[in-house]
Amino acid sequence: MAERPELVYDDLGLGRRFPEFRYETTPELVEAFVAATGDDNPAYTDGGAARALGLEWPVVPPGLAGIWGRQAYLQEHRMPPGGILAGQDMVFSRPVAVGDALRIQAEVTRRWEHKGRRFVTIESTARAASSDEVCGIVRVTAIWPK
């Protein structure tokens, strides 16, 4: 398999939209996230616990948004070394049921230079594949290394 090219600053024009990314929220993915983070909220894996909280079904941990938000713009590229995360903002508008698929669209919403450093903000919007409802938005601002 050929190595994916680096995503460099010159490739990040304002308004650039990346190919839509499909993210499957499988029970196995949720279990792996819970094991890796120790965030063992039973609402993620137990239907009874989810219903006791007023939810219809087990829900995807919100921390997974940091993963799908980044994968949406790196699916065809790799991050060049030396980047610095300058900020991350997550907005959730509805819970995602474990087993739902997400359709994620990433777009460059801001880019600028300051004191010799190049900054970029990429916004990834996730929609439920089944209903087209927006579930969440992840905004990543980074100092881009190349």
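Two residues are in contact when heavy atoms of theirs lie within 4.5 Å. The model used throughout is predicted.

**Exercise 1. Contacts and overall form**

Task: Determine what share of the contacts between residues at least 6 apart in sequence joins residues at least 24 apart.

Solution. 
1. Consider the contacts in the chain between residues at least 6 apart in sequence; 71% of them join residues at least 24 apart.
2. For the setting, note that the chain contains three helices and five strands, in the sequence pattern β-α-α-α-β-β-β-β.
3. The C-alpha trace spans about 55 × 35 × 30 Å along its principal axes.

**Exercise 2. The surroundings of strand β5**

Task: State how many of the 11 residues of strand β5 are buried, and which strands pair with β5.

Solution. 
1. A residue counts as buried when its relative accessible area is under 20%.
2. Strand β5 covers residues 134–144, and nine of its 11 residues are buried, so the strand is largely enclosed by the rest of the structure. For the chain of 146 residues, the buried share is 38%.
3. One partner is strand β2 (residues 84–92), which pairs with β5 in the antiparallel sense over eight bridges. Here F92 stands opposite G136 in β5.
4. Another partner is strand β4 (residues 117–128), also antiparallel to β5, with 10 bridges. In this pairing I122 is opposite V140 of β5.
5. β4 and β5 form a hairpin with five residues between them. In the turn, D132 has a positive phi of about 70 degrees.

**Exercise 3. Aromatic pairs**

Task: Classify the pair of F21 and Y23 and the pair of W112 and F119 as stacked or tilted.

Solution. 
1. A pair of aromatic rings is described by the distance of the centres and the angle of the planes.
2. Planes under 30 degrees apart count as stacked, over 60 as edge-to-face and the rest as tilted.
3. The structure holds three aromatic pairs. In one of them, F21 and Y23 lie 6.1 Å apart centre to centre with 40 degrees between the planes, and the pair is tilted. Both F21 and Y23 are buried.
4. W112 and F119 have a centre-to-centre distance of 5.1 Å and 10 degrees between the planes, and this pair is stacked.
5. F119 has 13% relative accessibility and therefore counts as buried, whereas W112, at 22%, counts as partly exposed.

Methods
Residues are numbered from 1 along each chain as its sequence is written. This is a predicted model: local features need pLDDT of at least 70, side-chain atom pairs count only at pLDDT 80 or more; totals for chains, interfaces and linings use all residues. Side-chain values use heavy atoms; hydrogens and water are left out. Helices (H or I, at least four residues) and strands (E, at least two) are DSSP runs, numbered from the N terminus. Buried means under 20% relative accessible area, exposed over 50%, partly exposed in between (1.4 Å probe, protein chains only). Two strands pair if DSSP finds at least two bridges between them. Rings of Phe, Tyr and Trp (its six-membered ring) pair if their centres lie within 6.5 Å; planes under 30 degrees apart count as stacked, over 60 as edge-to-face and the rest as tilted.
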